Amino acid sequence: DTVGQDIVNHCVNDILVQGAKPLFFMDYVGTSRFDAPIFKDVVSGLCKACKENHMALLGGETAEMPGLYPANEYDLVGTIVGVVDRKHLITGQSIRAGDVILGFPSEGLQTNGFSLARRVIFDMCLLSPQDMLPGTNKRIGDALLAVHHSFLHPVSKLMDRGIKINGMAHITGGGFVDNIPRVLPKTVDAVIDRTTWTPPTIFTFIERQGHIDHDEMYRVFNMGIGFVVILSKNEAKKAKASFAAMKQPYVEIGVIKRGHGTVVYSK
């Protein structure tokens with residue numbers, strides 16, 4: 001029942017980076033044999049997330065293909081359509097040296113890095129989803145299935161209040177180094193200070209037990225920051241006040257400096 005929420009919220013964040021608000025969503029479910037209880041749970045998650053993001057679930061397609069899909073597995077695909085006025089389109093071209101980078105915390109993996117997580121946790125450590133994640137009061141299954149959050153509400157509040165956003169990035173596969181440069185002009189770098197937040201325990205556990213290189217962790221996972229917003233110093237002050245009023249957690253994770261359109265880690 002969480003995977004439907006994950007795919008909807010991921011898609012919402014993907015179009016949000018351009019300033020677009022969602023209109024409707026459509027889904028496709030392919031499986032070897034139709035399992036009504038599982039299908040009901042998946043669709044309930046889709047409906048829950050669509051309602052929370054104020055968009056319609058128009059419908060979709062289901063397909064039984066026993067010769068194509070393995071037994072007890074299914075494929076879930078989502079399509080989202082949103083809208084933004086051309087004059088309000090956010091492209092990142094207005095990003096300048098001196099801008100501030102604010103990050104929204106994630107609860108966990110969101111929807112990326114599960115192949116490596118499964119390899120380390122289940123294959124190397126021989127743990128199960130029912131085991132407790134060391135250092136926490138969470139079961140491993142719950143930590144891995146933490147819902148991928150939508151950041152539509154806090155970002156929409158900024159846009160509705162006329163706060164100018166210079167650029168945004170959804171931190172998914174590829175981490176900071178692949179996602180932030182999509183909106184950076186070639187004349188600046190995003191300088192990220194990794195000491196400004198503490199990654200959730202699930203990440204430090206995977207890094208330690210899997211003997212994963214620290215920078216590689218930041219290429220595979222979001223490491224606790226699910227979405228970034230880039231604003232001028234003056235607009236950042238307004239944004240921080242807005243986030244405080246709506247009780248939206250955020251972290252100031254870096255700044256924009258002159259450079260060549262890449263991400264640099266200061267620490």
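Reader: In which hand does α1 pass α2 in their crossing?

Author: This is a predicted model, in which local features need pLDDT of at least 70, side-chain atom pairs count only at pLDDT 80 or more, and totals for chains, interfaces and linings use all residues. Residues are numbered from 1 along each chain as its sequence is written, and side-chain values use heavy atoms, with hydrogens and water left out. Helices are DSSP runs (H or I, at least four residues), numbered from the N terminus. A crossing is left-handed if the near helix is turned anticlockwise from the far one by less than a right angle, and right-handed if clockwise; that of α1 and α2 is right-handed.

Reader: How are α1 and α2 oriented to each other?

Author: For α1 and α2 (residues 36-52) the angle is about 40 degrees, with the axes 6 Å apart. Angles under 35 degrees count as roughly parallel, over 145 as roughly antiparallel, 65 to 115 as roughly perpendicular and the rest as oblique. The two helices α1 and α2 are therefore oblique.

Reader: What is the orientation of α1 to α5?

Author: The axes of α1 (residues 3-16) and α5 (residues 152-160) come within 11 Å and cross at roughly 25 degrees. That angle makes α1 and α5 roughly parallel.

Reader: Which residues of α5 does α1 meet?

Author: Contact means heavy atoms within 4.5 Å. From α1, the residues V12, N13 and L16 take part, and their partners in α5 are L152, V155 and M159.

How values were computed:
Axes are lines fitted to C-alpha atoms, for helices over the stretch in contact, and angles run from 0 to 180 degrees between N-to-C directions.
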